[in-house]
Amino acid sequence: MTSPTECPACRKPAGEELSCQFCNQVLFLPQGITLSTAGLRFGGYLLEFVLMICTLVIGWAIWALIVFQYGQTPAKQLLHMRVVCIPQARTAGWLRMFFREVIAKTLIGFLASFTLLIPYFWLLWDKNRQELWDKMATTLVVSDPRDLLRPQPQPQLSDSRAGTPQR
Ligand SMILES: [Zn+2]
């Protein structure tokens with residue numbers, strides 16, 4: 001008999017999915033990282049659109065290219081949301097973000113244009129609230145209010161085995 005996985009955050013049986021069925025804690029990430037709600041996801045789309053208009057798109061695009069390295073887009077940064085890579089169990093890197101935001105969303109957008117926009121609502125019935133571009137990029141969108149998953153800059157000269165001498 002297998003015992004159900006206990007959620008590290010709320011101590012209830014977490015269920016079979018990637019996040020706790022009671023408190024949304026993402027089970028493979030540090031405590032405090034929750035799966036973003038559908039309402040926040042759709043609010044994010046709206047905010048993204050408003051930001052694009054306000055910055056004449058180009059400002060938004062430059063902003064996006066900068067924050068991709070943090071697994072974010074402009075609206076996600078403002079809403080403390082982050083894209084994580086499921087197989088690596090960490091924040092999505094710049095290339096994965098570029099693939100997700102530019103390539104995958106363009107393809108899905110094309111598909112959506114002749115399927116009544118249904119793909120944009122995929123997260124409503126997906127158990128892990130993934131959109132189709134999340135499936136393509138194997139990503140999950142989480143809320144990270146305390147910036148726990150913000151990637152730290154890698155020290156450039158720390159690859160020697162002895163490490164940096166301490167004073
Ligand atoms: Zn829980």
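When I say two residues are in contact, I mean that they have heavy atoms within 4.5 Å.

Hello everyone. What you see is a predicted model, where local features need pLDDT of at least 70, side-chain atom pairs count only at pLDDT 80 or more, and totals for chains, interfaces and linings use all residues. Residues are numbered from 1 along each chain as its sequence is written, and side-chain values use heavy atoms, with hydrogens and water left out.

Let me begin with the overall picture. The protein has five helices and four strands; these are DSSP runs numbered from the N terminus, with helices being H or I of at least four residues and strands being E of at least two. Reading from the N terminus, the order is β-α-α-α-β-β-α-α-β. The C-alpha trace spans about 60 × 50 × 25 Å along its principal axes. Of the 167 residues, 35% are buried, where buried means under 20% relative accessible area, exposed means over 50%, and partly exposed is in between, using a 1.4 Å probe and protein chains only. Among contacts with a separation of 6 or more, 55% join residues 24 or more positions apart.

Now, please look at the zinc ion. Which residues hold it? Its protein donors are the SG atoms of Cys7, Cys10, Cys20 and Cys23, lying 2.3 Å from the zinc ion. A donor here is an N, O or S atom within 2.8 Å of the metal (3.2 Å for Na, K and Ca), and water is not among the atoms, so sites may look incomplete. Along the chain the donors follow the spacing C-x2-C-x9-C-x2-C. The angles among the four donor atoms run from 104 to 115°, and the site is tetrahedral; for four donors, that label needs all angles between 85 and 135 degrees. For reference, the ideal angle for four tetrahedral donors is 109.5 degrees.

Val26 counts as buried because its relative accessibility is 0%. Leaving aside neighbours within four places in sequence, Val26 is in contact with Leu18, Ser19, Ile33, Thr34, Leu35, Leu140 and Val142. How far apart are Val26 and Val142 in sequence and in space? They are 116 residues apart in sequence and 7.8 Å apart in space, C-alpha to C-alpha.

Next, Thr91, which sits in strand S3 (residues 90-91). Thr91 is buried because its relative accessibility is 8%. The side chain of Thr91 reaches the backbone oxygen of Leu149 at 2.6 Å. Not counting residues up to four places away in sequence, Thr91 touches Tyr70, Gly71, Arg82, Val83, Val84, Cys85, Leu149 and Pro151.

On a 1 Å grid over the protein atoms alone, a cavity is a set of points where a 1.4 Å probe fits but cannot get out; a pocket is an open set with protein on both sides within 12 Å along at least five of seven lines; and lining residues have an atom within 4 Å of a point. Grid points are joined across faces, edges and corners, and a volume is the space filled by probe spheres set on the points.

The largest pocket has a volume of about 190 Å³. Its lining is Tyr45, Glu48, Phe49, Met52, Trp60, Lys76, Glu101 and Lys105. Helix H1 (38-54) and helix H4 (94-113) are the elements giving two or more residues to that lining, and H1 gives the most, with four.

As for cavities, the whole structure has one of 30 Å³ or more. The largest cavity has a volume of about 50 Å³, and its lining includes Arg41, Gly44, Thr73 and Met81. H1 and helix H3 (74-78) each supply at least two lining residues, and the largest share, four residues, comes from H1.

One last stop. Most residues other than glycine have a negative phi. Leu116, in the loop between H4 and helix H5 (132-137), has a positive phi of about 55°. Leu117, also in the loop between H4 and H5, has a positive phi of about 65°. Leu116 is exposed because its relative accessibility is 74%, and Leu117 is partly exposed at 46%.

Terms used
A polar contact is a pair of N or O atoms within 3.5 Å; within protein, one must be able to donate a hydrogen and the other to accept it, and residues adjacent in sequence count only if both atoms are side-chain atoms. Four donors count as tetrahedral if all angles lie between 85 and 135 degrees; four count as square planar and six as octahedral if opposite donors are over 155 degrees apart and all others between 65 and 115; anything else is irregular.
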